[in-house]
Amino acid sequence: MKKVLFATTALIATASVAAADVRISGYGRFGLDYNDGNDSNVNGVSSTTITSRLRLQFDMSAETDSGVGFDARFRAQAESRDNVANGAGFNGARFGVTYQGFRVNVGNIIGAVENTPGTYLETRTAGLGIDGAGFVSHVGNVSNEYFNWDAYSSGGTGVNGVEALYSANGFTGHISYSQRNDSTVNPGVGNGAANAAARAAIMMAYTFGDWTVAGSYQDSDIAWEDKAIISVQGDLGQFGVRVAYADNDGIGKWGLYGNYEIGAASKIVAFVTSEDAVDAADVTAGRGDNRDGIAGSNLGEGESYGIHYSYDLGGGASFETGYRRASNDNDTFQAGVYFSF
Amino acid sequence: MKKVLFATTALIATASVAAADVRISGYGRFGLDYNDGNDSNVNGVSSTTITSRLRLQFDMSAETDSGVGFDARFRAQAESRDNVANGAGFNGARFGVTYQGFRVNVGNIIGAVENTPGTYLETRTAGLGIDGAGFVSHVGNVSNEYFNWDAYSSGGTGVNGVEALYSANGFTGHISYSQRNDSTVNPGVGNGAANAAARAAIMMAYTFGDWTVAGSYQDSDIAWEDKAIISVQGDLGQFGVRVAYADNDGIGKWGLYGNYEIGAASKIVAFVTSEDAVDAADVTAGRGDNRDGIAGSNLGEGESYGIHYSYDLGGGASFETGYRRASNDNDTFQAGVYFSF
Amino acid sequence: MKKVLFATTALIATASVAAADVRISGYGRFGLDYNDGNDSNVNGVSSTTITSRLRLQFDMSAETDSGVGFDARFRAQAESRDNVANGAGFNGARFGVTYQGFRVNVGNIIGAVENTPGTYLETRTAGLGIDGAGFVSHVGNVSNEYFNWDAYSSGGTGVNGVEALYSANGFTGHISYSQRNDSTVNPGVGNGAANAAARAAIMMAYTFGDWTVAGSYQDSDIAWEDKAIISVQGDLGQFGVRVAYADNDGIGKWGLYGNYEIGAASKIVAFVTSEDAVDAADVTAGRGDNRDGIAGSNLGEGESYGIHYSYDLGGGASFETGYRRASNDNDTFQAGVYFSF
């Protein structure tokens with residue numbers, strides 16, 4: 001009975017119903033996080049903690065008589081990491097206009113670099129374990145420069161940008177632009193005031209048969225944020241392979257990735273990355289400091305690797321576990337469950 | 001049908017249906033705002049910025065066996081203005097009790113002056129353009145005193161007041177009362193503590209045929225908030241005309257308004273207002289300073305005018321655009337889309 | 001089909017539907033609170049104020065093929081007390097795993113002591129009047145130590161704990177554990193950091209026929225939080241009787257409770273409690289100060305009593321009123337309405 005109603009009435013609160021005016025979806029994930037970077041006697045955080053997230057997402061939509069679609073997305077999520085729990089307000093909104101293969105978004109945009117196929121892991125978290133484990137597998141994350149590109153923000157207001165996407169016949173193109181606040185001109189003002197540092201980015205991807213190639217580039221007013229990424233991935237039935245490379249304003253990073261489906265419910269994902277050292281002249285100029293303030297992000301040059309295992313429990317739930325060693329010898333192991341609704 | 005669905009599954013749906021236990025509705029609007037009061041080199045904000053809002057509203061209701069209704073309203077909205085984006089929490093709640101033509105509200109009340117017919121523009125935003133463009137057309141907004149009456153707050157907790165409304169046979173009566181915090185008595189306490197400045201207001205409106213006349217009055221403990229408003233409006237088929245006048249504690253403001261429906265989808269709204277100068281004795285006493293802190297609110301005496309055009313796109317979406325010149329020569333032009341769900 | 005249903009059903013999400021993926025429920029309650037502890041001329045708060053709460057709750061769930069259930073709970077509520085209104089963000093999330101009679105929760109847990117049957121009043125608020133009136137009837141609330149046990153937090157992130165529950169054949173067992181932040185080790189970090197004060201608790205209850213006996217114990221690293229509670233309650237048709245006792249780390253508190261249903265819609269609940277004085281040695285050691293900062297919590301030794309009357313209005317709504325005198329001679333009287341959705 002439930003499925004029949006889902007098919008006929010619209011709007012329920014599941015993720016799988018299209019054309020609803022308001023759609024509620026989301027996921028919960030929780031488990032244990034062992035991180036040898038934590039130590040009760042050093043930073044006051046146990047090496048093993050609960051990691052969790054509950055996401056509740058509202059997608060609103062309307063369609064004009066001429067077939068132009070308008071939509072908006074709003075999200076609230078609560079998290080716990082390193083034994084610190086946070087409640088949640090709503091984030092910044094993203095607004096969209098769609099017509100056939102075109103989409104224009106304003107506000108809390110996706111971002112062209114963020115949207116590059118072949119950059120995140122083929123897991124439910126898009127990273128390793130239960131909470132992504134720092135996303136060291138992403139070739140755009142190097143040294144102390146993590147997530148220094150425009151991306152949809154779940155916990156904040158995002159970059160207040162504008163972007164255009166086009167998809168047709170296996171091709172996807174994406175350009176995005178944003179400005180960030182210049183606090184010296186406009187003290188006290190949040191994200192996105194004028195006279196600010198701007199980021200412009202472009203992404204193109206093409207899928208032919210089992211293979212997808214993609215490339216993206218970001219030009220930023222902020223030091224060391226220029227970035228070029230390319231990736232090639234193949235989906236070969238049970239197997240998937242992928243290679244990616246990024247030039248992060250002089251720091252090259254290679255990544256090799258594979259995934260393998262075992263039987264009907266199990267899947268293994270593994271990766272290894274190799275990151276170049278920071279150029280000596282850049283270090284002299286201040287690069288390599290912990291500028292972005294992300295804990296544990298000073299991963300430095302060298303190899304990172306990891307392996308993830310997923311088991312589908314049915315009904316939208318799965319067991320997820322993963323281990324990774326970052327290039328700075330930081331080890332994490334996580335295991336838990338993930339369910340979507 | 002409704003009861004069957006209640007018994008078999010949980011679902012949600014859309015805006016236009018009454019008697020639901022929880023109703024989710026709202027709107028999105030976004031577009032470009034040209035404001036000659038902004039200048040990158042002066043206040044650090046570009047003269048043209050994205051203006052947007054996403055509103056998500058929850059209306060809860062229950063009805064007793066004797067026909068008394070209880071309801072409550074809760075709202076979360078994210079905005080971007082002047083290139084500053086804000087996420088959103090829920091606002092203060094409004095609770096209501098209804099019986100036949102009577103309604104009593106407590107909490108984040110509507111407010112009797114706010115509810116006066118014939119004071120806001122006949123547009124989807126109730127003002128000009130995409131975000132109201134400062135609502136200079138309202139006869140209650142003068143000099144530096146904008147929105148100095150009790151009104152439902154979408155972004156805050158509101159005034160924590162109480163109000164009673166009665167409607168029957170074209171007549172509507174509305175009285176409201178609230179107290180605001182006196183920070184000298186109760187430092188650190190938010191809205192609505194006792195020993196506070198109080199506002200009392202009354203509104204009456206009567207509709208006969210195509211015409212509605214309305215009047216309201218606010219008596220406030222706060223200087224320069226006493227206020228009397230009258231309006232007359234006529235809905236003459238394709239045409240609508242309206243005149244309004246307010247005595248804002250000595251500052252008179254006239255407004256003349258017209259709207260015209262062109263064909264099935266287009267509508268034009270235009271207005272002109274004329275505001276008296278602040279009395280010299282009042283200026284000596286401190287009136288006319290930017291007391292309320294609203295940017296650009298120091299509009300001063302003289303004429304304001306504006307024109308708005310709306311085109312219905314179907315499916316709850318429309319194109320909205322408008323230009324207005326305020327009495328302080330501030331020009332704004334806005335264009336964008338608005339969709340409800 | 002969609003449009004037809006939109007026109008006839010719309011929007012549901014009621015409390016009474018099981019097996020939904022996302023369930024929206026909640027309640028509104030509002031009324032008047034007379035509290036002789038407030039005085040406009042003393043603390044700036046009128047002795048009579050509006051007390052209100054609007055709760056909106058989201059329950060998410062999924063079930064695996066093997067019958068293991070996963071769920072999560074998220075809540076936002078706005079309140080007004082003592083004439084101060086607050087808007088609301090979402091609280092901390094609670095995640096659960098269920099299988100037959102077992103449940104394991106992590107995050108914003110229920111808490112074993114909180115979950116002890118026979119400790120809260122048999123009213124819709126679980127306390128007296130419209131907002132609980134300080135919950136002086138609870139035997140675990142003594143002196144200045146109110147709610148010093150782990151409990152689900154509606155307004156904050158909760159204790160970020162873990163707990164296990166088992167129910168079968170009238171038996172319920174519950175163990176919970178949490179750590180709270182040690183701000184000296186981890187300054188600036190919120191709830192739940194390591195090297196922190198821990199609470200462990202256990203609860204067991206058994207129902208045989210009309211009677212339920214229950215006992216719980218909390219062991220805490222924080223001074224004066226060790227706590228043992230026992231209760232016996234009987235549901236004898238129209239009548240209910242209950243007795244409870246707690247040893248609150250040396251402060252004993254007895255409670256005797258009764259409830260009586262009059263006809264089809266009316267119910268009366270009454271209680272009396274007797275609390276021991278704080279031991280002189282403990283007072284010397286600092287006990288009895290207003291350590292927890294809860295206004296009006298310095299209730300001291302002696303008797304508290306109260307009476308509550310409820311009238312069912314149908315449709316999920318009821319009229320609720322209650323008077324209580326706390327052992328410190330503080331009187332409160334409240335009356336208002338409560339409706340759930």
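These legends describe close-up views of a predicted model. Local features need pLDDT of at least 70, side-chain atom pairs count only at pLDDT 80 or more, and totals for chains, interfaces and linings use all residues; side-chain values use heavy atoms, leaving out hydrogens and water. Residues are numbered from 1 along each chain as its sequence is written, and chains are lettered from A in the order in which they are written.

**View 1. Chain A as a whole.** Chain A has 17 strands and two helices. Both are DSSP runs numbered from the N terminus: helices are H or I with at least four residues, strands E with at least two. Of its 341 residues, 53% count as buried. Buried means under 20% relative accessible area, exposed over 50%, and partly exposed in between (1.4 Å probe, protein chains only). Among chain A contacts (heavy atoms within 4.5 Å) between residues at least 6 apart in sequence, 54% join residues at least 24 apart. Chain A exposes about 13,300 Å², and carbon and sulfur atoms supply 56% of that area. Accessible areas come from the Shrake-Rupley method with a 1.4 Å probe; for residues, only the protein chains shown count as cover.

**View 2. Two aromatic pairs in chain A.** Over all chains, the structure holds 51 aromatic pairs. Rings of Phe, Tyr and Trp (its six-membered ring) pair if their centres lie within 6.5 Å; planes under 30 degrees apart count as stacked, over 60 as edge-to-face and the rest as tilted. A:Tyr146 and A:Phe147 are edge-to-face, because their planes stand at 70° with ring centres 6.5 Å apart. A:Tyr146 is buried at 7% relative accessibility, whereas A:Phe147 is partly exposed at 32%. A:Tyr257 and A:Phe271 are stacked, with planes at 25° and centres 6.4 Å apart. A:Tyr257 lies in strand S13 (residues 251-262) and A:Phe271 in strand S14 (residues 266-275), so this pair ties together parts 14 residues apart in sequence. A:Tyr257 is buried at 4%, and A:Phe271 is buried at 5%.

**View 3. Arginines over tyrosine rings.** A:Arg242 lies over the face of A:Tyr257, 3.6 Å from the ring centre. In chain C, C:Arg94 lies over the face of C:Tyr152, at 4.6 Å from the ring centre. A charge sits over a ring if NZ of Lys or CZ of Arg is within 6 Å of the ring centre and within 35 degrees of the ring normal.

View 4. Ring pairs link Phe58, Phe74 and Phe90 of chains A, B and C into a cluster. In the largest nonpolar core, of 70 residues, Phe58 and Phe74 of these chains touch the most other members. Such a core is a set of buried Ala, Val, Leu, Ile, Met, Phe, Trp, Tyr and Cys residues joined through side-chain atoms within 4.5 Å. Contacts of A:Phe58 include A:Val22, A:Ile24, B:Leu56, B:Phe58 and C:Phe58. A second, separate core holds 23 residues, among them B:Tyr146 and B:Tyr257.

**View 5. Salt bridges.** The structure holds 38 salt bridges over all chains. Each is a side-chain nitrogen of Lys or Arg within 4 Å of a carboxyl oxygen of Asp or Glu. B:Arg287 bridges to B:Asp282, the closest N and O atoms being 3.2 Å apart; both residues are buried. C:Arg287 and C:Asp282 meet at 3.1 Å, N to O, and both are buried. B:Arg325 and B:Asp331 meet at 2.9 Å. Here B:Arg325 is partly exposed at 26% relative accessibility, while B:Asp331 is buried at 13%. Bridges with shared partners join A:Arg53, A:Glu79, A:Arg81 and A:Asp131 into one network.

How values were computed:
Lists of a residue's contacts leave out its neighbours within four places in sequence.
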